[in-house]
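Biologist: I would like to learn how to read a model feature by feature. Please give the general idea, then the case at hand.

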Amino acid sequence: MGLRRPAARRPALPGTDPGEAAAGAARIGNRALALWLLLLTAGVVLLDSLTGTDLPLIPLLVVLPALASVFCTVRQTVGVACWVTLVVVGSRIAATGAFWDVFFLIGFTVLACALGVVACAARIRHATEVARLRSAAVALQRQILRPLPVVTRQLRAQGIYEPIEEDRFVGGDIYEVVQSPHGTRVIIGDVQGKGLPAIGAGFAALGAFREAAFREGDLTAVAAALEDAVVRHNAFTAETGETERFVTALLLGFDGGDRAAAVNCGHLLPRMLHDGTATKVALRLVSVPLGMAELSGEARAAETFGFPLGAALVVFTDGVTEARDATGAFYPLDERLGRWARDEPRELLRSLQADLEEFSGGVRRDDVAVLVLTRRPEGCGGLTTGHGPAADGPA
């Protein structure tokens with residue numbers, strides 16, 4: 001029907017948010033609109049001439065401004081309204097009939113057309129406000145999370161982070177890489193629930209990690225600090241009437257040796273890529289998510305696993321494993337990682353990102369966060385973030 005694809009829209013002007021520009025953009029081109037308008041008008045006029053004065057059909061044209069208000073801009077809707085008004089007024093003036101019948105028909109047409117224009121303006125205003133709020137939430141996520149890649153003395157962390165940009169689906173995926181006196185500390189986590197409250201709980205945990213990772217020598221003490229932060233955040237949100245939330249998280253510690261430490265707070269197990277194979281890291285000590293320690297009588301404990309030089313550790317959130325295709329099947333991550341086990345981290349991330357997009361058909365319902373961690377030889381430089389000379393991975 002001549003509807004435009006989103007990719008065919010004109011680029012937004014500098015300084016204009018793309019979401020706001022898309023909210024007010026036309027979904028049908030001017031030529032297609034004019035063609036359909038002429039065809040529908042000709043069809044109604046032809047039917048009206050065939051039925052005669054006993055059943056006038058010209059007034060049916062008043063539905064066109066209402067339809068245009070759904071797909072068109074305000075300017076296009078005004079054009080449709082003016083066209084319909086001219087056609088109805090011209091046909092009724094040319095026809096014979098009682099004065100008051102013609103008067104009321106013209107008045108009804110003008111009123112219906114005006115309502116169509118008002119409805120179009122209200123739709124665009126509401127869509128623009130929603131897009132502005134959505135963009136603010138996503139921009140807040142992007143600004144608080146550290147740009148990737150991150151390179152420390154012990155580690156190179158490359159990854160992808162794709163926040164969902166629908167307001168009711170905005171998630172709380174978090175990640176961070178901190179260089180501390182005790183080595184490199186890494187966290188990847190996922191907040192229960194969606195929306196801005198989930199982002200708030202994630203940022204509470206993230207802020208606590210940045211401080212505790214530098215201060216605490218024991219990884220379990222870092223987890224305890226995060227637990228306290230999430231509990232305090234839940235206590236505050238409970239006072240405002242919001243739902244309490246928990247955070248699944250995986251904390252990792254690297255001191256430059258061939259073993260890494262981990263505290264798993266209910267998060268997905270990492271995958272190890274080494275010698276062309278992809279295996280699941282068997283962490284046996286899995287505790288409850290952050291914010292739920294009081295429900296468990298067991299204290300959190302750290303465990304170590306082998307992390308040889310040349311291996312790659314892949315950590316991720318459930319936006320990857322819970323991605324679905326058109327049939328509802330989940331994304332087969334382990335199978336795909338086995339294909340790319342010999343690839344460099346940058347190539348692996350590009351392949352994973354493209355494959356996820358193709359598998360899900362571009363439809364996502366959760367944030368996607370993936371980190372690929374590789375060891376650096378001893379004696380390398382310090383912290384590098386973003387697109388510095390040593391940070392050559394994809395963001």
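Modeller: Start with Asp-275, which counts as exposed because its relative accessibility is 58%. Buried means under 20% relative accessible area, exposed over 50%, and partly exposed in between, with a 1.4 Å probe and protein chains only. This is a predicted model, in which local features need pLDDT of at least 70, side-chain atom pairs count only at pLDDT 80 or more, and totals for chains, interfaces and linings use all residues. Residues are numbered from 1 along each chain as its sequence is written, and side-chain values use heavy atoms, with hydrogens and water left out.

Biologist: What is the phi of Asp-275, and where does the residue lie?

Modeller: Most residues other than glycine have a negative phi, and most peptide bonds are trans. Asp-275, however, has a positive phi near 55 degrees. Asp-275 sits in the loop between β7 (271–274) and β8 (277–280); helices (H or I, at least four residues) and strands (E, at least two) are DSSP runs, numbered from the N terminus. As for peptide bonds, the one from Leu-148 to Pro-149 is cis, with omega near 0 degrees. Pro-149 belongs to the loop between α5 (99–144) and β1 (150–151).

Biologist: How many residues does helix α7 have, and what distance does the helix reach?

Modeller: The expected span of a helix is 1.5 Å times one less than its number of residues. Helix α7 (residues 219–239) has 21 residues and reaches 31 Å from first C-alpha to last, close to the expected 30 Å.

Biologist: Which residues of α7 are buried?

Modeller: An α-helix has 3.6 residues a turn, so residues three or four places apart point the same way. The buried residues of α7 include Leu-219, Val-222, Leu-226, Val-230, His-233 and Thr-237. Just after α7, Gly-241 has a positive phi of about 90 degrees.

Biologist: How many aromatic pairs are there?

Modeller: Rings of Phe, Tyr and Trp (its six-membered ring) pair if their centres lie within 6.5 Å; planes under 30 degrees apart count as stacked, over 60 as edge-to-face and the rest as tilted. The structure has 3 such pairs. Tyr-331 and Phe-359 form an edge-to-face pair, because their planes are at 80 degrees, with ring centres 5.2 Å apart. Tyr-331 is in the loop between α8 (318–321) and α9 (333–339), and Phe-359 is in helix α10 (residues 345–360), 28 residues apart. Both Tyr-331 and Phe-359 are buried.
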